[in-house]
Amino acid sequence: MIKGTMYVMISCMVVFMINILYMLINKKAINSREKFSTFECGMDLMASLRLPFSLHFYFISIVFLIFDVELMLILPFVFCFKLFNMMSMFLMIYMLVLFIVLGFFYEWWVGLFEWMM
């Protein structure tokens, strides 16, 4: 029991000494606020965060995610060609592609793809 406690104490002392030596030797000890701030989308976080932000960026990213997931739904059809007959497989793929195309045209009709310049 004493050996285990002694081992823990010596380990903590070694870690503490290594940290102290690191802080003394480190040449980059001058910490600047800008250096350690996060970088988000090219926006300066030191400025006001209440800047107007176009929602078109948000809509485009959501549309991309939706179409990306829908296109990933087509992938299992490739592996299931031998399990189903050809007609039902093409019917399912046709319905999925039709759903994707109708969604695209609806978003175009609503005006999500029109950018204000």
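Reader: Leaving aside neighbours within four places in sequence, what is glutamate 107 in contact with?
Author: Glutamate 107 is in contact with Val63, Phe67, Leu112 and Phe113. Contact means heavy atoms within 4.5 Å. This is a predicted model, where local features need pLDDT of at least 70, side-chain atom pairs count only at pLDDT 80 or more, and totals for chains, interfaces and linings use all residues. Residues are numbered from 1 along each chain as its sequence is written, and side-chain values use heavy atoms, with hydrogens and water left out.

Reader: Is glutamate 107 buried or exposed?
Author: Buried, with a relative accessible area of 12%. The cut-offs: buried is under 20% relative accessible area, exposed is over 50%, partly exposed is in between (1.4 Å probe, protein chains only).

Reader: Which helix is glutamate 107 in?
Author: Helix α4, residues 86-110. Helices are DSSP runs (H or I, at least four residues), as are strands (E, at least two), numbered from the N terminus.

Reader: What span does α4 have?
Author: α4 reaches 36 Å from first C-alpha to last over 25 residues, close to the 36 Å expected at 1.5 Å a residue. The expected span is 1.5 Å times one less than the number of residues.

Reader: And what follows α4?
Author: Glycine 111, with a positive phi near 105 degrees.

Reader: Which residues of α4 are buried?
Author: Met89, Ile93, Leu96, Ile100 and Glu107. Their cover includes α2 (55-72) and α3 (75-79).

Reader: Core next. Which residues make up the largest nonpolar core?
Author: Val63, Phe67, Phe77, Met89, Ile93, Leu96, Ile100 and Leu112, 8 residues in all. α2 and α4 are the elements that give two or more residues to this core. The largest share, 4 residues, comes from α4. A nonpolar core is a set of buried Ala, Val, Leu, Ile, Met, Phe, Trp, Tyr and Cys residues joined through side-chain atoms within 4.5 Å.

Reader: What does leucine 112 touch, not counting residues up to four places away in sequence?
Author: His56, Phe59, Ile60, Val63 and Glu107.

Reader: Changing topic: where does leucine 73 lie?
Author: In the loop between α2 and α3. Leucine 73 is partly exposed, with a relative accessible area of 46%. Its C-alpha is separated by 8.4 Å from that of leucine 96, 23 residues apart along the chain.

Reader: And isoleucine 66, where is its place?
Author: In helix α2. Isoleucine 66 is partly exposed, with a relative accessible area of 38%.
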